[in-house]
Each structure stands twice: as C-alpha cells, then as structure tokens.
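Hi everyone, thanks for coming. Please have a look at the sequence and the structure on the screen, and then we'll walk through them together.

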Amino acid sequence: STNGGVSWTNNSNTVSSQSYFGLKQSTCFRAVVKNGTFTPDTSSISCITIYKPTKGGLINGGGSFCFASGAGTLNLLGSIGNVINWQSSINNGSSWTVITNTTTSLSYTNITQNTLYMATLQNSSFCKVDTSSIASFTINPLSNAGTITYTGNDTVCYYTNNGTLNLTGYIGNVVSWISSTNNGASWSVISNSSNSLNYSGLTQTKWYKAIVQSANCPADTSTYQAINVLLSFTVSAGKDTTISLGQSITLNGSGSGSPLWSSSSSISNPNIFNPTTSPLFTSAYMLSVTDVNGCINSDTVMITVVIISTDVSVSTVFSPNGDGINDEFCLKGWNECTTSFYIAIYNRWGEKVYDSNDAAFCWDGNFIGSPLNSAVFTFYIKAEILKVGTITKKGNITLIK
C-alpha cells in the first residue's frame with residue numbers, strides 16, 4: 001500500500017520474504033497466508049517511510065537601506081523540512097551566530113549594520129541538513145559631502161590664476177561639482193565625479209560646491225568654497241610708433257604698480273614707465289606691471305624702424321655773394337644713421353680746397369680764408385650708413401660770383 005493502508009495492491013509474491021529497493025514514496029507491506037481450506041490470515045504491517053530530501057528554500061526579505069532598515073519580517077518560502085534554527089552574520093559570512101527560532105519567519109527590529117541571515121532545516125534525522133538562501137541587509141551610511149580645501153590662495157589675480165580644489169572627509173561618491181558666479185543665486189553643473197577640481201583663467205569670483213551621494217541615501221551638498229578674483233587693472237605700453245634707423249624714442253608706458261619692460265632691443269632703464277631706446281630693427285616692447293597684490297598685467301607696443309633712403313641731394317650751383325640766397329654749398333638727406341662721413345672738394349687742377357667729417361657741413365666757397373672765383377669744382381663723399389654699409393658719391397658743383 002502507498003496510501004497508508006487505505007488500499008492494497010497484490011504483488012503475486014508467494015515466498016516468505018519481500019525485497020524492496022529504490023522506493024520513492026512511503027510504502028507499507030503485509031503478507032496474506034492461507035492453510036488449506038482454512039480462512040486466509042493477514043500478517044502485521046511493516047511500513048517503509050520515505051522522506052523527501054531537505055530543501056532550504058528561499059528567504060523573502062533584505063535589501064539595501066540608508067542608515068537603518070527599520071522593522072520587518074523575513075519569510076522562508078519553498079522549503080522542505082523542519083527549521084532547526086536561523087543564523088546571522090555581521091562579517092560577511094566569516095562566522096555565524098545561531099538565532100533560536102524554529103519557525104519559517106523571523107522578525108527584526110532595526111538593523112544598523114551589514115547583516116546576513118539564513119535558515120537551517122532538516123527533513124527527519126535520516127536526511128541531510130540544508131540551508132536556505134541568504135538574505136542580505138546592506139546598510140549604507142548617510143551621505144556626507146565633506147569639506148572643500150584648496151591649494152594656494154582663495155584670492156587670486158584676474159585671469160592669470162590656477163589651482164586645485166580638493167574634497168576631504170566625504171562619505172559616498174562624488175556625483176558632480178557645481179559653481180556659481182552670482183553668490184549662489186544660481187548654480188551650473190560641472191561634469192566631474194572625482195574628489196578634486198582644477199580651475200584656471202578665472203575672470204570673476206566663483207563659488208564651488210560638491211554633491212556627494214552614499215548609495216541609495218539622499219545626496220548631500222558641501223558648503224561652498226569661494227575663489228575670489230581681484231579686479232583687472234589697466235596697463236598701457238603706449239601707441240605703436242615708426243622711427244628712422246638711428247633715432248631714439250622715449251617709450252610712453254603707464255599703469256599702477258611696478259613696471260618692467262622686456263624686448264630684444266636695449267632699454268635705458270627697464271624698471272621705469274618712460275625709458276628710452278634706440279632700436280636697430282623693428283622691435284616689440286612688452287610692459288609688465290606688478291600691482292600691490294602681486295598681480296601682473298601687460299601690454300605691448302611695436303616700434304617700427306625705417307631705413308631712410310641714402311640718396312644725397314646735392315645742389316650743383318651756389319653763389320656766395322652775401323645776398324642770403326644759396327650762399328653756401330650744403331648737403332641734404334643725411335640722417336643720424338650715418339656712423340662716419342667724409343667730403344672733399346677739388347678745383348679743376350685737382351687741388352683740394354675743402355674737406356670735412358661733418359655730414360651737416362656747409363661750404364662758403366672760401367679757401368684758406370679767401371673767397372674763390374667763379375669756377376666748377378668736383379666733390380667726393382664717402383660715408384658709413386647703419387644697416388646699409390659704405391656708400392660713395394661724386395659730382396660737380398658750380399660757384400658763381
């Protein structure tokens with residue numbers, strides 16, 4: 001019988017023993033005996049009880065919580081067997097603590113640390129012990145945005161600034177940074193989930209905050225850290241200017257602070273606003289001014305150097321008669337780029353009647369203190385010009401009385 005003797009099945013075995021194997025359900029056996037014509041008799045009943053394998057089942061409950069779980073109940077579902085006990089672990093399963101509870105449910109009040117739970121079951125002493133699935137309680141700490149610190153100073157120069165903000169003492173993950181340029185009236189998100197933030201080239205005061213979230217806990221926002229930007233100050237190196245080669249010029253710088261000029265050309269004094277310079281080629285001059293806060297601003301001026309033509313204008317006729325008109329023979333067109341100069345004037349017999357090393361000379365027609373008569377004379381000029389080199393020129397001039 002497989003239903004506890006409610007009904008029986010004859011297996012046609014007429015010997016005094018009955019073997020069995022591989023039973024999958026509880027089965028009872030009895031023997032029916034008959035002697036001759038007497039009425040049959042039935043033996044006592046012997047039952048083989050088959051227990052199903054122990055099945056630990058699944059625990060319904062657990063999860064991820066912020067700070068504490070609150071009260072609740074764990075329920076064991078789909079198990080086979082009797083609950084021996086429940087167990088808990090607060091070290092991720094390295095060790096377990098027995099909870100005296102033989103029911104399929106376990107109540108908890110308010111779990112405040114990461115905890116694992118499981119149930120131990122056995123379906124009779126003949127079956128192996130089995131454990132349920134593990135219910136996990138992950139208790140996340142409250143979000144804490146920590147504190148923003150910075151490298152350098154919290155007051156910086158206009159534009160020429162850089163630094164790093166660091167977030168310390170926070171709990172959770174950095175979600176983003178935010179910044180404000182209107183003292184916190186509105187904020188802009190900075191896509192940065194690291195615990196540091198670099199800044200550079202600020203032109204106005206800016207506030208910074210960090211947003212941190214610990215798992216499923218509400219996000220927390222740090223107090224702001226302001227990077228104060230000093231106002232820009234004006235520096236002028238003056239207007240771009242064009243000069244002739246060999247000419248000097250006074251630079252016209254201005255600003256509030258300590259000046260410093262820099263250029264590839266020499267400067268009389270780079271630490272004043274109005275130094276002089278005589279560039280030999282077109283040059284840029286940069287004026288940097290350092291104010292009382294140590295901030296630096298700069299401006300640049302271009303001095304263009306022009307080489308004047310070396311053509312010499314020579315008057316071919318002069319009349320030293322004292323009427324105030326063309327009384328002397330002079331040269332025009334020479335400039336301060338001349339480093340050396342020589343002129344000689346000869347009569348028609350090749351006798352030198354005048355010479356000079358002054359490019360600004362004028363000849364009055366006298367020779368050894370006496371006026372010469374009307375005649376044609378020859379002049380010869382040799383000069384050294386900056387950026388040009390040696391030039392020579394000769395020609396005739398006529399003296400008319």
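Predicted model: local features only at pLDDT ≥ 70, side-chain atom pairs only at ≥ 80, totals over all residues.

Let's start at Cys28, which is buried, with a relative accessible area of 11%.

Now, is Cys47 buried or exposed, or something in between? Cys47 is partly exposed, at 42% relative accessible area, whereas Cys28, as I said, is buried at 11%.

Let's move to another pair, Cys157 and Cys295. Their sulfur atoms are 2.0 Å apart, and they form a disulfide. Here the angle about the S-S bond is -90°, and the link is left-handed. Where do these two cysteines sit? Cys157 is in the loop between strand 15 (155-156) and strand 16 (162-168), and Cys295 is in the loop between strand 27 (283-290) and strand 28 (296-306). That makes it a link between distant parts of the chain, 138 residues apart. As for accessibility, Cys157 is buried, at 14% relative accessible area, and Cys295 is buried too, at 5%.

The next pair is Cys330 and Cys362. Their sulfur atoms lie 1.8 Å apart in a disulfide, and with 120° about the S-S bond the link is right-handed. Cys330 belongs to strand 31 (residues 329-332) and Cys362 to strand 34 (residues 362-363), and the two are 32 residues apart. Cys330 is partly exposed, with a relative accessible area of 21%, and Cys362 is partly exposed as well, with 33%.

How many disulfides does a search of the whole structure find? It finds four, and I have talked you through some of them. If you count the bonded cysteines along the chain, the pattern of the links reads 1-2, 3-5, 4-6, 7-8.

There is also a cysteine that I'd like you to find on the screen, Cys127. Cys127 counts as buried, at 13% relative accessibility.

Now let's go back to strand 1, this time for the largest pocket. About 690 Å³ of space lies in this pocket. The lining is made up of 26 residues, and Asn11, Gln18, Phe29, Arg30 and Ala31 lie nearest the centre. Which strand gives the most to this lining? Strand 1 does, with three residues. Strand 1 (27-29) and strand 4 (46-48) each supply at least two residues of the lining.

Please look for an open sheet of five strands, in the order 30-38-37-32-33, with mixed pairing. The edge strands are strand 30 (317-318) and strand 33 (352-356), each of which pairs on one side only. Strand 32 (residues 338-346) and strand 33 run antiparallel and are joined by four bridges. To zoom in on the pairing, take Ile343: the bridge partner in strand 33 is Ser356.

Two more stops, and then we're done. Gln87 has its place in strand 8 (residues 82-89), and Gln87 is buried, with a relative accessible area of 14%. The side chain of Gln87 makes a polar contact of 3.0 Å with the side chain of Thr120.

My last stop is Thr282, in the loop between strand 26 (276-277) and strand 27. Thr282 is partly exposed, at 40% relative accessible area. How far is the C-alpha atom of Thr282 from that of Asn293, 11 residues apart along the chain? The two C-alpha atoms are separated by 34 Å.

Technical notes:
Residues numbered from 1 in each chain as written. Heavy atoms only, no water. 1 Å grid on protein atoms, 1.4 Å probe; cavity = no way out; pocket = protein on both sides within 12 Å on 5 of 7 lines; lining within 4 Å. Points joined across faces, edges and corners; volume = space filled by probe spheres on them. Disulfide = S-S within 2.5 Å. Buried < 20%, exposed > 50% of the residue type's maximum accessible area, 1.4 Å probe, protein only. Pairing = 2+ DSSP bridges. Polar contact = N/O pair within 3.5 Å; in protein donor to acceptor, adjacent residues only side chain to side chain.
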